Amino acid sequence: MKRAEKFIEIEGLIENLLKKHKEGAMLRMKVLFFAKLYENLSVGMIIDKLGIKKTNFALTTANLEKEGCIVIKKSTLDKRCRVIELTEKGNKELAQYENEIEKSLGATTPELDQSLDVILKYLNHII
């Protein structure tokens with residue numbers, strides 16, 4: 001199987017696994033996760049990392065902000081940029097989702113964890 005085919009299969013399987021836990025909320029969880037992971041990254045850079053349309057991102061973040069899960073504010077590093085900050089409510093929602101995923105994945109091995117780290121490092125390098 002070609003590398004591209006493997007990535008397409010992996011993406012499909014992961015998406016199906018994640019959808020089982022929060023139907024229709026994948027983008028919501030991705031935004032919360034990336035906001036937590038890249039707390040000082042500009043909104044534009046998070047959109048690039050997610051690879052989504054600005055309109056989809058804007059709608060999702062507007063809902064998250066209205067619900068009190070995130071706060072969008074000007075960056076302290078660059079006043080021209082906006083950054084996303086997770087609130088306590090957003091952190092709790094994301095943690096609950098991550099816990100559900102962890103439970104469904106079951107036990108792991110050091111080899112599997114290392115393989116996931118390698119894939120993650122590779123993807124972050126090329127994207």
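This report describes a predicted model, going from its nonpolar core to its salt bridges and then to a patch on its surface.

## The nonpolar core

The largest nonpolar core of this predicted model has 22 residues, and among these L32, I46, F57, I70 and I84 touch the most other members.

## Helix α3 and its buried side

Helix α3 covers residues 43-50, and its buried residues are V43, I46, I47 and L50. These residues lie on the same side of α3, because they cover an arc of only 105 degrees around the helix axis. The cover over the buried residues of α3 includes α2 (26-37), α4 (54-66) and β2 (82-86). Just after α3 comes G51, which takes a positive phi of about 70 degrees.

## L94 in helix α5

L94 is found in helix α5, and with a relative accessibility of 2% L94 counts as buried. When neighbours within four places in sequence are left aside, L94 is in contact with M29, L32, F33, K36 and L86. The C-alpha atom of L94 is separated by 9.8 Å from that of V31, although these two residues are 63 residues apart along the chain.

## Salt bridges

Side chains of opposite charge can pair when their charged atoms come close. The structure holds 5 salt bridges, and one of them joins the side chains of R28 and E93, with a distance of 2.6 Å from N to O. R28 lies in helix α2 and E93 in helix α5 (residues 88-105), so this pair ties together parts that are 65 residues apart in sequence. Both R28 and E93 are buried, and together with E67 they are linked in a network of salt bridges.

Another salt bridge is formed by E85 and K73, whose closest N and O atoms are 2.6 Å apart. This pair links distant parts of the chain, with E85 in strand β2 and K73 in strand β1 (residues 70-74), 12 residues apart. E85 is partly exposed, with a relative accessible area of 37%, and K73 is partly exposed as well, with a relative accessible area of 36%. R80 and D78 also form a salt bridge, in which the closest N and O atoms are 2.9 Å apart. Of these two residues, R80 counts as exposed at 75% relative accessibility, while D78 is partly exposed, with a relative accessible area of 22%.

## A nonpolar patch on the surface

On the surface, L112, L116 and I119 form a nonpolar patch, and together they have about 260 Å² of accessible area. I119 is found in helix α6, which covers residues 110-126, and I119 is partly exposed, with a relative accessible area of 39%.

Notes. Residues are numbered from 1 along each chain as its sequence is written. This is a predicted model: local features need pLDDT of at least 70, side-chain atom pairs count only at pLDDT 80 or more; totals for chains, interfaces and linings use all residues. Side-chain values use heavy atoms; hydrogens and water are left out. Buried means under 20% relative accessible area, exposed over 50%, partly exposed in between (1.4 Å probe, protein chains only). Helices (H or I, at least four residues) and strands (E, at least two) are DSSP runs, numbered from the N terminus. The arc is that of the directions from the helix axis to the C-beta atoms. Contact means heavy atoms within 4.5 Å. Patches are made of residues with over 30% relative accessible area and no salt bridge: like charges are joined within 9 Å, nonpolar side chains (Val, Leu, Ile, Met, Phe, Trp, Tyr) within 5 Å. Accessible areas come from the Shrake-Rupley method with a 1.4 Å probe; for residues, only the protein chains shown count as cover. A salt bridge is a side-chain nitrogen of Lys or Arg within 4 Å of a carboxyl oxygen of Asp or Glu. A nonpolar core is a set of buried Ala, Val, Leu, Ile, Met, Phe, Trp, Tyr and Cys residues joined through side-chain atoms within 4.5 Å.
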